Amino acid sequence: MNGAQGIKPQSTIVVSFSEAMAAPSADAWQLAIGGTEVPASATVSEEVIHFQPDAPLPAEAEVTLQLEAGLSDVGGNALVDPQTLSFTTAASELEPPAITTPPPTSPYFVCAPSWTFSGTTSTRTKVRIDGGAGTAVGWTDGEGNFSVKVPLVANRLNRLILTAEDWDRNVCSPLVYEIFSDCEPPAVVAAAKLETELLVVRFSEPVAA
């Protein structure tokens with residue numbers, strides 16, 4: 001697998017060892033993309049460890065799997081050759097959804113507890129949105145239409161990542177939207193009169209014209 005190209009984004013990563021392995025601790029390995037850890041789990045079957053990402057990996061991404069000395073066999077003997085394996089995921093065979101209700105700007109400021117994304121994509125496709133107050137999932141209808149409401153974290157920038165996964169587990173390239181859920185009114189934090197007779201007022205946050 002090391003250096004492999006075109007790995008399906010939904011693949012389970014299987015690593016074989018020379019003997020039966022103990023269940024790995026969380027700090028004995030790491031799956032990452034660009035240095036950022038990817039949530040995943042590990043299960044052991046004798047001399048094989050299966051590493052399963054919590055969600056399909058992005059398309060055309062360079063992924064690394066770091067195996068540390070904390071890995072050991074069932075007798076407690078540590079891995080003698082810690083190493084980092086790498087591979088690149090395949091390009092997506094699924095086109096990103098056509099979104100009919102995107103935020104008008106990015107970031108978009110809105111006072112609302114949620115945002116609903118509607119649009120079209122292939123039929124029998126799951127649409128998933130991560131990055132808000134919780135993960136939101138929906139399915140297309142018989143004509144490929146969908147509508148998914150994602151909860152927003154209040155008074156914070158929500159970086160929402162939308163993906164679609166078809167029945168064959170092909171995953172599209174992610175669509176990214178930034179929405180700032182802002183329901184706190186601005187407050188004056190400072191005011192000063194300049195020599196030009198211009199009064200300058202500073203607020204606690206950006207204000208509209």
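Trainee: Let's start with Arg 124. Is Arg 124 buried, exposed or partly exposed?
Mentor: Arg 124 is partly exposed, because its relative accessible area is 47%. Buried means under 20% relative accessible area, exposed means over 50%, and partly exposed is in between, with a 1.4 Å probe and protein chains only.

Trainee: What sort of model is this, and how are the residues counted?
Mentor: This is a predicted model, in which local features need pLDDT of at least 70 and side-chain atom pairs count only at pLDDT 80 or more, while totals for chains, interfaces and linings use all residues. Residues are numbered from 1 along each chain as its sequence is written, and side-chain values use heavy atoms, with hydrogens and water left out.

Trainee: Back to Arg 124. Where does Arg 124 lie?
Mentor: Arg 124 lies in the loop between S11 and S12. Strands (E, at least two residues) and helices (H or I, at least four) are DSSP runs, numbered from the N terminus.

Trainee: What about the phi of Arg 124?
Mentor: Phi of Arg 124 is positive, about 55 degrees, although Arg 124 is not a glycine.

Trainee: And which ring does the charged end of Arg 124 sit over?
Mentor: The ring of Trp 167, with 4.3 Å to the ring centre. The rule asks for NZ of Lys or CZ of Arg within 6 Å of the ring centre and within 35 degrees of the ring normal.

Trainee: New topic. How many aromatic pairs are there?
Mentor: A search of the whole structure finds 5 aromatic pairs. One of them is Tyr 108 with Trp 115: the ring centres are 5.6 Å apart and the planes are at 75 degrees, so this pair is edge-to-face. Rings of Phe, Tyr and Trp (its six-membered ring) pair if their centres lie within 6.5 Å; planes under 30 degrees apart are stacked, over 60 edge-to-face, and the rest tilted.

Trainee: Are those two residues buried or exposed?
Mentor: Tyr 108 is partly exposed because its relative accessibility is 23%. Trp 115, at 16%, is buried.

Trainee: What about the pair of Phe 117 and Tyr 177?
Mentor: Their ring centres are 5.2 Å apart and their planes at 40 degrees, so that pair is tilted. The pair links distant parts of the chain, with Phe 117 in strand S11 (residues 114–120) and Tyr 177 in strand S16 (residues 175–181), 60 residues apart. Phe 117 is buried at 1% relative accessibility, and Tyr 177 is buried at 16%.

Trainee: How many disulfides does the rule give?
Mentor: The count comes to 1 disulfide, where the rule is a pair of cysteine sulfur atoms within 2.5 Å. The bond joins Cys 111 to Cys 183, with S to S at 2.2 Å.

Trainee: Where are those cysteines in the chain?
Mentor: Cys 111 is in the loop between strand S10 (108–110) and S11, and Cys 183 in the loop between S16 and strand S17 (188–193), 72 residues apart. The link is right-handed, with 115 degrees about the S-S bond. Cys 111 is exposed at 54% relative accessibility, and Cys 183 is partly exposed at 43%.

Trainee: Which peptide bond is cis?
Mentor: The one from Ser 106 to Pro 107, with omega near 0 degrees. Pro 107 is in the loop between strand S9 (98–99) and S10.

Trainee: Last one. Where is Ala 136, and is Ala 136 buried or exposed?
Mentor: Ala 136 is in strand S13 (residues 136–139) and counts as buried, because its relative accessibility is 6%. The C-alpha atoms of Ala 136 and Val 150 are separated by 5.2 Å, with the two residues 14 residues apart along the chain.
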